Amino acid sequence: MIESKIITATSNWPELFDSIGYSELVVLVDENTKEMCLPYVVEHLIQERKFTLIETKSGESSKEISNAERLWRELMDANIDRNAMLICLGGGVVCDLGGYVASTYKRGIRTMYIPTTNLAMCDASIGGKTGVNFNGIKNQIGTFHPPTHILVEVELLKTLDPRHVISGYAETIKHALISDPSFWATLIEKNDHSMSSNGILRSMQIKRDIIKEDYLDTGSRQALNFGHTVGHAIESASQEGTNSLLHGEAIAIGMVAESYLATKLAGLEMDSFEAIQAHIMDTYKGVQFPVIDTETYLSHMRQDKKNTRSGIICSLISSIGTPALSVVAMESELIDALEFTKKAWSR
């Protein structure tokens, strides 16, 4: 495993290029980070260095093989070689897509991530997973390809609208619930969805510690999937309707549903579940539960990467800070959890 170096002090950014040998710099942006973040990065990091700019559209619909093919062609047309460095400047979509493109182009070029959302800082930039969606299912095609460096600058979060800030907070809730009861207590007490740099760094550290134990996601790393069996199904299904949810919004709903499921299958106490439900539903009270038939949700859950022939596999929690891995859930139990959450969300 190649462990990514996390750089938090902007004053140290320019020194990176003195220690990294590269032939060319390539920067991947979307239309939002091109306008709002690229000038800051050029000023504080790239400075007078030449670079090739490649672009993608923002949003989950960009994580497609066809878009990866377009970016591969652009790299080839620009004669980018194997010693280049690709800087991914953006949120989770840019990091996932850019990492996948880099990992496969000429059998792999190095990447540097500059996450511009709290979700990407706490989740997508950490752990080396890259991927694109396929056949309507999230992250079905991907690789492990960690960036050499992750540059964290909370100043970039000022470019986000409130909805995206709150969306990103969901992954921090997840990290607290699967690993750190004291961090969970702090989140409830402060109720600060904007998140301080200390909160972001703590969330990042939790994920890094889990990944050190299980880089290839065959055991303990699966704790990070809490909320994602249901959440990914809700996110993917919502893209097919008129009420498209952001990743964190769908994962928030998924954590409520899977916490309810954990009271049935993993021994989660009801008072813990009620605290989780109250905090998440208060935080995401403006999010509407997508009106989609249950079979559509199930069809997405049946494609989850964790599944085995035993059935749909969930990563739950047995208590605050204690994960319960590889829990087999019957479809009837998942339907019950979905129906409960849907009714609770509509109150």
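The structure is a predicted model, in which local features need pLDDT of at least 70 and side-chain atom pairs count only at pLDDT 80 or more, while totals for chains, interfaces and linings use all residues. Residues are numbered from 1 along each chain as its sequence is written, and side-chain values use heavy atoms, with hydrogens and water left out.

The next stop is a pair of helices, where helices (H or I, at least four residues) and strands (E, at least two) are DSSP runs numbered from the N terminus. The axes of helix 11 (residues 247-265) and helix 12 (residues 270-283) come within 10 Å and cross at roughly 170 degrees, the axes being lines fitted to C-alpha atoms, for helices over the stretch in contact, with angles running from 0 to 180 degrees between N-to-C directions. Helix 11 is therefore roughly antiparallel to helix 12, since angles over 145 degrees count as roughly antiparallel, under 35 as roughly parallel, 65 to 115 as roughly perpendicular and the rest as oblique. Contact means heavy atoms within 4.5 Å, and among the residues of helix 11 that meet helix 12 are Met 255, Ser 259 and Tyr 260, while those on the helix 12 side include Phe 273, Gln 277 and Ile 280.

Ser 238 belongs to helix 10 (residues 228-239) and is buried, with a relative accessible area of 1%. The side chain of Ser 238 reaches the backbone oxygen of Glu 235 at 2.8 Å. Leaving aside residues up to four places away in sequence, Ser 238 touches Asn 243, Ser 244, Leu 245, Pro 290 and Ile 292. Helix 10 is also one of the elements against which the buried residues of helix 13 pack, together with strand 7 (137-141), strand 9 (312-319) and helix 14 (331-345). Those buried residues of helix 13 (residues 294-301) are Thr 296, Tyr 297, Leu 298, His 300 and Met 301.

Two residues deserve a look at their backbone angles, given that most residues other than glycine have a negative phi. Asn 135, in the loop between strand 6 (132-134) and strand 7, has a positive phi near 55 degrees, and at 69% relative accessibility Asn 135 counts as exposed. Ser 326 also has a positive phi near 55 degrees, but the place of Ser 326 is in strand 10 (residues 322-329), where Ser 326 is partly exposed at 46%.

Finally, Tyr 40 lies in helix 3 (residues 38-46) and touches, among others, Thr 10, Trp 13 and Glu 153. From C-alpha to C-alpha, Tyr 40 and Val 328 are 47 Å apart in space, and 288 residues separate them in sequence.

How values were computed:
Buried < 20%, exposed > 50% of the residue type's maximum accessible area, 1.4 Å probe, protein only. Polar contact = N/O pair within 3.5 Å; in protein donor to acceptor, adjacent residues only side chain to side chain.
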